[in-house]
Amino acid sequence: MKITTWNVNSLTARLHHVLDWLTTNPVDVLCLQELKMSDDKFPLEVLKAAGYEAAVFGQKTYNGVAILSLAPMREVTKNIGGFSDEHSRVISATVDTANGPLRIVNGYFVNGQAPGSDKFAYKMRWLDALRDWLRAEKAAHPNLVLLGDFNIAPEDRDSFDPEGLRETIHHTTEEREHFKALLGLGLTDAFRLFDQPEKSFSWWDYRMLGYQKNRGLRIDHILVSEPLVPRAVACTIDRVPRKWDKPSDHAPVTLELATAA
């Protein structure tokens, strides 16, 4: 089973990229962030023709998340339970697999703008609420995957310039402590289960030849609950779509799970 996260930075602009990518990478579940469209604009029929059902939580111009699945989904919920939020940032669904129910939690985490800003304070509140809510979600759904654009580079090796960017947004001690707190719930960073090339990033700035110079960050993550760790076969970043014409600034990250005996 293959599960992918991809911040497409506008599905309107990148729908053809998603369809092209799925043609050669027919994953079981694709989680999208930054749809930048309302629900009524979401291309349900086009994606259905490609074989995918969709659970959508859109928002005009900003944010927006969706889960595409080859298998039917149930128990779809939106945003963080108990946390009042005007933004469309989280969508969750249960997919029935050969190994039983799998809970998918797809998040477009708050960017935070800059330490000390109101948006950074919102990010801290949001992350607190996410952790508390996920504790209950994980208890109810032992097989759980949390994935998406976290807007956090959890370690120095996840940044092209860890010293120059230290304590700037995505790199602050507070953000990294929140990432560790998510791991403390019993989740594991699937990408780090495997040997990876140095300077493996999932996002590159459009400016200053960011991709060409590999001036990137690893901020798109897939975290898995304990029962899924032994089933993890691979976790990879596909840089190919970042080379396409007018690409998203993020690349897809894919986790492959083996079927349990």
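The structure is a predicted model. The protein contains four helices and 14 strands. Its radius of gyration of 17 Å agrees with the value near 18 Å for a compact globule, because that is what 261 residues would give.

**Overall dimensions and packing**

- The C-alpha trace spans about 45 × 40 × 40 Å along the principal axes of the protein.
- Buried residues make up 55% of the 261 residues in the protein.
- Among contacts with a separation of 6 or more, 68% are between residues 24 or more positions apart.

- The protein has an accessible surface of about 11,500 Å². Carbon and sulfur atoms account for 52% of that surface.

**Strand β12 (residues 220–225)**

- Strand β12 is mostly covered, with six of its six residues buried.
- In a regular strand, side chains alternate between the two faces of the sheet.
- In β12, both of these faces are covered. Asp 220, Ile 222 and Val 224 are buried on one side, while His 221, Leu 223 and Ser 225 are buried on the other.
- Strand β8, which comprises residues 144–149, runs antiparallel to β12 and is joined to it by five bridges. Within this part of the structure, Leu 147 has Ile 222 of β12 as its bridge partner; Ile 222 is also one of the buried residues of β12.
- Strand β9, residues 187–189, is likewise antiparallel to β12, and three bridges join the two. Here Leu 187 has Ser 225 of β12 as its bridge partner, and Ser 225 is buried.

**Strand β14 (residues 253–257)**

- Strand β14 is mostly covered, since four of its five residues are buried.
- Strand β1, which covers residues 2–7, is joined to β14 by four bridges, and the two strands run antiparallel. Leu 255 in β14 stands opposite Ile 3.
- Strand β13, residues 232–237, also pairs with β14 in the antiparallel sense, over five bridges. Thr 254 in β14 is the bridge partner of Thr 236.

Technical notes. Residues numbered from 1 in each chain as written. Predicted model: local features only at pLDDT ≥ 70, side-chain atom pairs only at ≥ 80, totals over all residues. Heavy atoms only, no water. Buried < 20%, exposed > 50% of the residue type's maximum accessible area, 1.4 Å probe, protein only. Pairing = 2+ DSSP bridges. Rg over C-alpha atoms; globule rule 2.2 N^0.38 Å. Contact = heavy atoms within 4.5 Å. Areas by Shrake-Rupley, 256 points an atom, 1.4 Å probe, with all protein chains shown as cover.
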